[in-house]
Amino acid sequence: MKYVDEFRQSALVKQWADALHAITTRPWTMMEVCGGQTHAIVKFGLQALLPKEIRLIHGPGCPVCVTPVESIDHALYIASIPEVILCSFGDMLRVPGSYTNLLAMKARGSDVRIVHSPLDAIKIAEDNPNKEVVFFAVGFETTAPPNAMAVYQAKKRGLKNFSLLASHVLVPPALEFLLQSHDNEVQGFLAAGHVCTITGYRHYHRLVHAHQVPIVVTGFEPLDILQGIYFCVEMLEKGTYAVVNQYQRCVLEQGNVSAQALLEDVFQVVERPWRGIGTIASSGLGLQAQYADFDAALRYPMKETMPSQDNGCISGLILLGKQKPSACPLFGKQCTPETPFGAPMVSNEGACAAYYHYAKRDCFIEERML
Amino acid sequence: MNTLSCPAMIDESQVILLAHGSGGKHTSQLIENIFLPAFSNDTLDRLHDGALLDIPSSQIVFTTDSYVVQPVFFPGGDIGKLAVTGTLNDLAMCGAKPYYLSCAFIIEEGFLQSDLKRIVESMKREAEAHSVQIVTGDTKVIERQTGTNIFINTSGIGISMVKDPIHPHQIQQGDCILLSGDIGRHGMAIMAKREGLEFSSPVISDCGSLAPMIEALLRAKVEVHCLRDLTRGGLATALVELAEAAKMEFRMTEDAIGVSESVNSACEILGFDPLYVANEGRFVAFVPKHQAHHALAVLKEFDAGREANLIGEVIGRSMFPSAILHNSFGTERYLYRLAGDQLPRIC
Amino acid sequence: MCLALPGKILAIKEEGDLRMGDVDFSGVKKTVCLAYTPEAKVGDYVIVHVGFAISVLNEREAQSTLDLVAENKT
């Protein structure tokens, strides 16, 4: 694929891996924020190319992993209403709520449909005037503008049978939360390239100087990730810190201005709990008051919230890089991809699923040798 | 029995009714108008409860499979073609020459008779092309839900062409792993129809019989240790299952596995891994190293095998049986079974 | 998160008040909303996430990234 394959050339990737080996003199701990970057690291086995001094922590940039249980339960409740068509991206279908997931609801007869774009949900609403269409809007700042456009269009077209269940989360507050915690070990960040395509990276300068950590805006292909890690280590080795943009073919410092404008019109910053982590201040997006008619949370309020269940999952600690999945007593035993206890075992890019599939062998061999 | 089909008796807009499955007049009409004209042979024409068969060997291979694909018509085939080739392929994977098939239909009330006729014609073409007779069958009709469902079960009888069984337990250290062609066509052809993906060069399902290639390998005296056709779960699942059954470690080279540009692009867009996408006309073969080159030459004589390639080797017994993929960066990843079907993702 | 892929705009049309593009992703064609890339024109590559172009790919910068050599390369 053009502008993808070129960034997967093994000769180029190896050049940067060699260069990284040449400049690394001591241990460094870095976090790649975005789940898409985690996916690439795991899929292409990039960790094996890095000097052993470099520890990569998989960050919380995975909407599947951090969407709060309350939001999933609300989506499940709405899906159970007979006249509702619940539209969702495919990623969310297997994520466990308190008792079940959307795929199981579909199997039991709920009208749950996978969409590839929020405009598909608008079309479904227009094609089914006798049904109520609810779009489960999750994701980070990359997905929020497309979801905003759906609500904007619904209002413009006077669609009475469309609403949005919004559960967006924002990246910078999560990074701030991480950096402020007393046991933070992360010394540098690979920032999420597509999030920054929307938001830009001006706001990262304050974080960089307040906490003296380098932040590299990084893309998603193997070459991007190796370059991103290199630029980060280069600064760490020199004792400097700054925001560097590796993903220059996509990201401008000011970001996407027209997307930001519609975001501000449709959404407002709200409190948001992050699954497994807890509430992070001002870290979510909810609909503005003028779009209240399209807020599915208001149209279909939950009568009662499910009591929160502590099933032993330590996903919060794993998402913040404070524990490895193998440290969890449930890992690989009760908690597997077929029977996930928490979201990082469900997601393609979740740390637990990645460990289960790729590091399990090493755990197995260690156990045998003990 | 009069097997002439009068065009006036088959109205294109006519649908399957519950009565067609109840064994009475309507069932007889369906058999006379649709099934017999397509499948007629001496055994079937007797329309007895069971088929009396003359099988010239005691090394019989017997298999069964059911087909429920939606949409029933897709680029490159339909459920009928799949129902014949899929079962022929199961026989071929055991090193058996196919002889007879049974065929049972479960059809939803409201299904178009013209669509049924099209599916049955497709089965007839495949059966005739492989000199296989459909000798017994059944039809049931279930109550309407959407009116578009048809389920087909075919069971197949074949005669083994080999002395030593073709089985994962026969896989040996040092064996070469051959793949008969590029992967992911069937799954993506189906997804394209379901998701409305538009291709500049349309993806055509690889749905087809593997029997001719297998027979050619055996005639060419290739010592085939194991065969597996790639179906749901794709190449990765087949390799993981075989590694576990054989208790061996396999190593494959990712660059040797062919994926067409259209399939690759569609997978990137949906967030799918081509290694896990369904196929219906591809297989892997485990052969001794010294015969790998010869086996590939045999496969390349066939249109369906022109992109056959050596993709890996059997490292040996392992206490942690695995299928390991090496990529062009020099790193590796362990293949595993998916928990459920791949779902389109945005993350 | 954020699976986003580059595709080439083959044609641009209006659907209601939305500017839409026919975009080719190396053999797969999809209709993409160009509302957030008002500067995009036919022939440009755009980065597409959930059916929306979020950025026009800067082809010069893409080449620079490929051509870049690490300072301390051995």
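**Exercise 1.** How much area is buried between chain C and chain A?

*Solution.* Before starting, note that this is a predicted model, where local features need pLDDT of at least 70, side-chain atom pairs count only at pLDDT 80 or more, and totals for chains, interfaces and linings use all residues. Residues are numbered from 1 along each chain as written, chains are lettered from A in the order written, and side-chain values use heavy atoms, without hydrogens and water.

Step 1: buried area is the accessible area (1.4 Å probe) that two parts lose on being put together, summed over both. Step 2: for chain C and chain A this is about 3,600 Å², with carbon and sulfur atoms giving 66%. Step 3: 37 residues of chain C and 57 residues of chain A take part in the contact (heavy atoms within 4.5 Å).

**Exercise 2.** Find the salt bridge between chain C and chain A.

*Solution.* Step 1: look for a side-chain nitrogen of Lys or Arg within 4 Å of a carboxyl oxygen of Asp or Glu. Step 2: the count is one. Step 3: the partners are Asp17(C) and Lys156(A), whose closest N and O atoms lie 2.3 Å apart.

**Exercise 3.** Check the length of helix H4 of chain B.

*Solution.* Step 1: a helix is a DSSP run of H or I with at least four residues, numbered from the N terminus. Step 2: the expected span is 1.5 Å times one less than the number of residues, so the 17 residues of H4(B), 113-129, should span 24 Å. Step 3: the end C-alpha atoms are 24 Å apart, which agrees. Step 4: after H4(B) comes Ser131(B), with a positive phi near 50°.

Conventions: Helices (H or I, at least four residues) and strands (E, at least two) are DSSP runs, numbered from the N terminus.
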